Amino acid sequence: MKRTISILIENKPGALARAVGLFHQRGYNIESLNVAPLTDGTYSRMTVITKGTENVVEQITKQINKLIDVIKVSDLSEGEHHEIELIIFKFIKSKYNTRIQKILKKKKISVIERSDVVTVAVIDENSDFDSLVKSIGKNNIYEIVRSGGVGIHETEKNLNL
Amino acid sequence: MKYSGGELLLKALKDEGVKFIFGYPGGAALHIYDAIFRQKYVDHILVRHEQGATHAADGYSRATGKPGVVLVTSGPGATNAITGLATAFMDSIPLVVISGQVQSHLIGTDSFQETDMIGVSRPIVKHSYLVQSAEEIPSIVQEAFYIAQTGRPGPVVIDIPKDKTDPLHKYKYKKPAKPYLRSYQPKIKPHPGQIKKAAKAILSSERPVIYAGGGAIYSNAAKELSELNKILKVPVTNTLMGLGVYPAKNKLFLGMLGMHGTYQANMAMHNADLILAVGSRFDDRITNTPSLFAPNAKIVHIDVDPASISKIIKADIPIVGQVKDSLQALIKEIKRSKIKIDTDAIDIWNTQIDKWRKKHGLDHDLYQKKLKSKMIIPQVVVQELYNVTNGNAYVTSDVGQHQMFVAQYYHFNKPRRWINSGGLGTMGFGLPAALGVKLAFPKQEVVCVTGEGSIQMCIQELSTCLQYGLPIKIVNINNEALGMVRQWQDMNYGGRHSASTYQNSLPDFVKLTESYGHVGLKVTKPSNLRKTLEKAFAMKNKLVFIDVLVDPNEHVYPMLVAPNGSMKDMWLSKTKKT
């Protein structure tokens, strides 16, 4: 089962390596990983998307929590949460046809057009990356980059210091 | 007064009450070694290999409860300390390992004796620090000691680039304020609601077992455990790491449980209706196949580490907290509870356990064997050792059959007396660990029980023992083979002894010991065993190595049947299964 885990971690040298290393050490998977410092810059918020049974995810959150640099951990999947991912597609202009434009215009996008290429940033709210790529057609895409999922509780619940 | 980074380090160690540093010098650590030379509070013990330093500090820590301190240089010095770090990590032992590092500006350039110690040690430390400025050394040291000792203890590495200890740069020393980490608050009080639930479940049970492990020892909870069981009067078993936390002489003690646990301990676990796990972690050497583990038992699990709870076996009533605090709360709750334990049911349960004990208890037919055998039976060596030392020695061991024989036959009545590498299973641990224990308790008898395989993995520390005058006793249970490996080969590989014998290449241990400046004795006949042990222990000021040639065909039993076995499935001898 797909799980989205949010982590507040000290913004110290080596802290990220400890958190990421732990997944490998304990035999857990990372589907995607996103991390950046927040407000005062002394700590970062990570979003890790992983797959595992309930027991495995419970172990992951407990083991992550044990790391000295980790301030808080929350399994967002336990409740209502908002999860998005930024996907940037680059198309050769000639291949950026009306069919593709129509598909992408259903999404929240920002477009940068040049004479040779078109770059389209898509805010993907349903994590349907695979089906989106399929509908566009893999061969029509020149380059892709994904941010990895970022998530937040949809309710009043928070993961603040 | 101003101090160099090296001097700041030594001042900080002194402020932590450090008496001994176990270490080995080298380029990147030389500024620190010079600072050691110019102070008189902390003694440095020069080992002969950095692995020995970590095990010695580890032994010191296990016996005293205080953190052990290690100092090594960069590169090979640091990597040689890795096995000892992993050993301490697996058994939750507080160590502070200080490693020299190449100068800051050389990090990442593949410079001489450079290793990324922080990276290499990451999976086997509780935490680690790379020093960024000399001024932060005192606060890092204080934090390292705090982290190593609190919560679930563990080793902490401090990697110090050489330029941060340079005597050319001096700083003021101010004792840092008490450490506070917003991301680490280890003082967890047991939840009163959970304590209530646990008390009710325990008092309502009819076939309970207390299963106590290393966590009970580290939390110094032996007194509380005995106090609890004065009320309950239920059977108690200890893990390999927990031996001594409940007195073996108590008639309610079942002995060790698990892979080579006693018949009665494993049967009691399998048939229990309630298991009270106290600072133990349901390791795979305990549970056998987890899905077949104790099918009718409700599990109450006390542990300071929430990640240990429900990791292998789902806890019905988890209690996250220090063992000592949790047991105190539980005792209080049980005393005030209106429910009283059903003493009739407990009597029936204890009677059943006595039947098991009589049926296949450990001493079963051992004495008969002793009479018949022309060779010394290894278990009898441990029994005689127990007799000669009145069961009062600090006993360290290495890993293998001899380790299990000590766990089974040296009946520990006090915590912190049995010092062995349980989690990682590190051969070479015993001798340096004994050295560390002897430094802590010079007036106590300290014995290293080892085998001819293990002892050769850190035998160089005999030289350290001479330098510092550490008259430990070494009992080498010599079966001229890697006994436990061979036992598995006998049982699972059709007796094909692949790489488990030495083909007459063993050294003469008596001469070897003598060349290190100690006394060596050899025993081959059962009739000489007791006398030789007595002779050795009479030499109070000498390190004596007793090479005991034993029956090479002896296996360790009971042994859990694996794979797909439960705790009731045991080999009781080479031919008999439960």
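Domain bounds here come from an automatic or database domain assignment; the model is predicted.

**View 1. The two assigned domains of chain A.** Domain 1 of chain A covers residues 2–75, and domain 2 of chain A covers residues 81–153. Their C-alpha centres are 27 Å apart. Seven residues of domain 1 of chain A make contact with seven residues of domain 2 of chain A.

**View 2. The side of domain 1 of chain A that touches domain 2 of chain A.** Strands β1 (2–10), β2 (32–37) and β3 (43–51) of chain A each supply at least two residues to this side. The most comes from β2(A), with three residues. By class, this side holds two nonpolar and five polar residues, and no charged residues.

**View 3. The open sheet of chain B.** Six strands of chain B are arranged in the order β14-β13-β15-β16-β18-β17, with parallel pairing. Strands β14 (418–419) and β17 (519–523) of chain B stand at the edges; each has a single partner strand, so one side of each lacks a neighbour in the sheet.

**View 4. Strands β13 and β15 of chain B.** Four bridges link β13 (residues 394–397) of chain B to β15 (residues 446–451) of chain B in the parallel sense. Opposite S397(B) stands V449(B) in β15(B).

**View 5. Helix α16 on the sheet of chain B.** Helix α16 (residues 378–388) of chain B lies across β15, β16 (473–478) and β18 (544–549) of chain B. The helix runs at about 160 degrees to β16(B).

**View 6. Contacts between chain B and chain A.** Here 13 residues of chain B are in contact with 15 residues of chain A. The chain B side comprises eight nonpolar, two polar and three charged residues.

Methods: Residues numbered from 1 in each chain as written. Chains lettered and ligands numbered in written order. Predicted model: local features only at pLDDT ≥ 70, side-chain atom pairs only at ≥ 80, totals over all residues. Pairing = 2+ DSSP bridges. Contact = placed C-beta atoms within 7 Å. Axes fitted to C-alpha atoms, helices over the stretch in contact; angles between N-to-C directions. Nonpolar A, V, L, I, M, F, W, Y, C, P; charged D, E, K, R; others polar.
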